[in-house]
Amino acid sequence: MLRRISAVVAVLGLSALALVGCSSSTSNASCERPHADSSALGLIAASGEVGKPTLSVKDPVHVSRTSFVDETVGTGTRVTAETQDVAFSITLANGATGETLVATPTEARPLSGWREHYAGLADMMMCATEGSRIVGAMPVDAVSPEAASSMGLGEGDSIAVVLDLQRVYLAAADGAPQYNDRPGMPSVVLAPSGAPGIIVPDAAPPSDLAVEVLKRGDGPAVTNADSIRVHYTGVTWADRKVFDSTWESGASAVVTLDGVVPGFAKALEGATVGSQLLMVIPPELGYGEKGSGAIPGGATLVFVVDVLGVDQKPATSQ
């Protein structure tokens, strides 16, 4: 509902598989990084520059459970939730032969999407930090039967792994809480996961665009050159009903300032990563008198938006 036009859904594949996100919102913001170590990891030698990892197997690798160690520990954002978007480069090899099975970078997708077919990889990334290089090994049953088949693996096989965790986006806004005292604005309550509940006052809405910074992040500021990853919940002022929420779908949204309604773009421009915004958007800066889908004409919109990260938009051909 947020965008002016529907977006094409990007499909992320590892080998021949499409990975589908789920709605899990499991989070452990204070998680400590476990090291599921194994003597088999000493048989795997990782090399290559960051983003182009390679590996060699000294002797056949066999494990009965997923094992891993951080060869390099990154200093960036930590993976704490299944819904967090992560992007990484990876090489997988047959543990017995050392034959490379997959060597590819990935686009950012929720960790839960990887767990669908590659549970072992999701386990390796949970509680890891951006910038880490992870060396691991997993039994074939740590991937789905479809994934195993696509890589030519069978019962009893093991997979050697080297993974560069290059981007980890926030699970929710983590900025410093801000004091706001503008009368007549909605109130916001947060669930432990960070999902907002919006309480609209029994009063007339502001006639102009109204924006409050509920949390101020210390990340980069949003510009028109960015693709912006956000979580949001939207309600209409009049009926107080949620018409759209990324929290309910279990995956963040990627938006651009020229791809959302004008009020949303004005409120979002210049916001810093890690911030949480409360927006009240009048009809003329929203969907106008015609409305859109579940949003009636003339509706004042209320959004709570968490700014999770930014990417540069791809350059367009001239």
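This is a predicted model: local features need pLDDT of at least 70, side-chain atom pairs count only at pLDDT 80 or more; totals for chains, interfaces and linings use all residues.

Me: How many helices and strands does the protein chain have?

Reply: Helices (H or I, at least four residues) and strands (E, at least two) are DSSP runs, numbered from the N terminus. The protein chain has five helices and 19 strands.

Me: What percentage of the residues in the protein chain is buried?

Reply: Buried means under 20% relative accessible area, exposed over 50%, and partly exposed in between, with a 1.4 Å probe and protein chains only. Of the 318 residues in the protein chain, 52% are buried. Glu 116, which lies in helix α1, is partly exposed, because its relative accessible area is 44%.

Me: Which residues have the most contacts inside the largest nonpolar core?

Reply: In soluble globular proteins, nonpolar side chains tend to be buried together. A nonpolar core is a set of buried Ala, Val, Leu, Ile, Met, Phe, Trp, Tyr and Cys residues joined through side-chain atoms within 4.5 Å. The largest one here has 32 residues, and those with the most contacts inside it are Val 86, Leu 121, Met 125, Val 161, Leu 163 and Leu 165. Elements giving two or more residues to this core include β6 (85-94), α1 (111-117) and β10 (158-168); the largest share, five residues, comes from β10. A second, separate core of 30 residues includes Ala 267, Leu 285, Val 305 and Val 310.

Me: What does Val 161 touch?

Reply: Contact means heavy atoms within 4.5 Å. Not counting residues up to four places away in sequence, Val 161 touches residues including Leu 55, Ile 90, Leu 121, Ile 134 and Met 138. For the protein chain, among contacts between residues at least 6 apart in sequence, 76% join residues at least 24 apart.

Me: How many aromatic pairs are there?

Reply: A pair of aromatic rings is described by the distance of the centres and the angle of the planes. Rings of Phe, Tyr and Trp (its six-membered ring) pair if their centres lie within 6.5 Å; planes under 30 degrees apart count as stacked, over 60 as edge-to-face and the rest as tilted. The count comes to six aromatic pairs. The rings of Phe 88 and Trp 114 have centres 4.7 Å apart and planes at 55°, so this pair is tilted. It links distant parts of the chain, with Phe 88 in strand β6 and Trp 114 in helix α1, 26 residues apart. Phe 88 is buried at a relative accessible area of 0%, and Trp 114 is buried at 0%. For Trp 114 and Tyr 118, the centres are 6.4 Å apart and the planes at 65°, so that pair is edge-to-face. Tyr 232, Phe 243, Phe 264 and Phe 303 form one aromatic cluster.

Me: Where does the charged end of Arg 229 sit?

Reply: A charge sits over a ring if NZ of Lys or CZ of Arg is within 6 Å of the ring centre and within 35 degrees of the ring normal. The charged end of Arg 229 sits over the ring of Tyr 169, 4.6 Å from its centre.

Me: In what sense do strands β3 and β4 pair?

Reply: Two strands pair if DSSP finds at least two bridges between them. Strands β3 (residues 44-47) and β4 (residues 54-57) are antiparallel, over four bridges. Ala 45 has Ser 56 in β4 as its bridge partner.

Conventions
Residues are numbered from 1 along each chain as its sequence is written. Side-chain values use heavy atoms; hydrogens and water are left out.
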